[in-house]
Amino acid sequence: MISTVAVGTDGSATANEAVSEAAEIARRFGAKLVLLSAYHSSGRSAEGQDIELQWASSSSARVRSILERSEADLSRTGIECETRADDGDPAEVLIRLAAECGADLLVIGNKGIKRRVLGSVPNTVTHKADCSV
């Protein structure tokens, strides 16, 4: 039984495909969908910057914007959805967040999907995740 499907996204085309597939799996099983993402802190202070400059210089803000937009799109289709993001190595963050949300399945894309070898993030996730990938 699949009750929680997690999906990693960074807003790329292959990540969007993964989100679509994960949404279909969640719909099929009546499962909750959790959108996951990772970002790297820039280490720069955003104080005193206007809002556009803060957004442009903040990986965190870009990721949260991508997640919010995806969550809104999915909610309109009737998918129960939540988002989670954290700072750090993408593979490690996806693995940890999937475990924290109790994911039964973690869906991820591969930027080099035409290649026969997985990229570093999908490769690490498939080897280290505690849930099905």
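**Cysteines and cores**

Colleague: Is Cys131 buried or exposed?

Modeller: Cys131 is buried, at 17% relative accessible area. Buried means under 20%, exposed over 50% and partly exposed in between, using a 1.4 Å probe and protein chains only. This is a predicted model, in which local features need pLDDT of at least 70 and side-chain atom pairs pLDDT 80 or more, while totals for chains, interfaces and linings use all residues. Residues are numbered from 1 along each chain as its sequence is written, and side-chain values use heavy atoms, without hydrogens and water.

Colleague: How many disulfides are there?

Modeller: The search of the whole structure finds 0 disulfides, a disulfide being a pair of cysteine sulfur atoms within 2.5 Å. Cys101 is in none, and its nearest cysteine sulfur, in Cys131, is 7.9 Å away.

Colleague: Turning to the largest nonpolar core, which residues touch the most other members?

Modeller: They are Val5, Val7, Leu33, Leu35, Leu74 and Val107, out of 21 residues. Such a core is a set of buried Ala, Val, Leu, Ile, Met, Phe, Trp, Tyr and Cys residues joined through side-chain atoms within 4.5 Å.

Colleague: And which element gives the most to this core?

Modeller: That is α1, with 6 residues. Helices (H or I, at least four residues) and strands (E, at least two) are DSSP runs numbered from the N terminus.

Colleague: What other core lies apart from it?

Modeller: Another core has 16 residues, among them Ala91, Ala98, Ala129 and Cys131.
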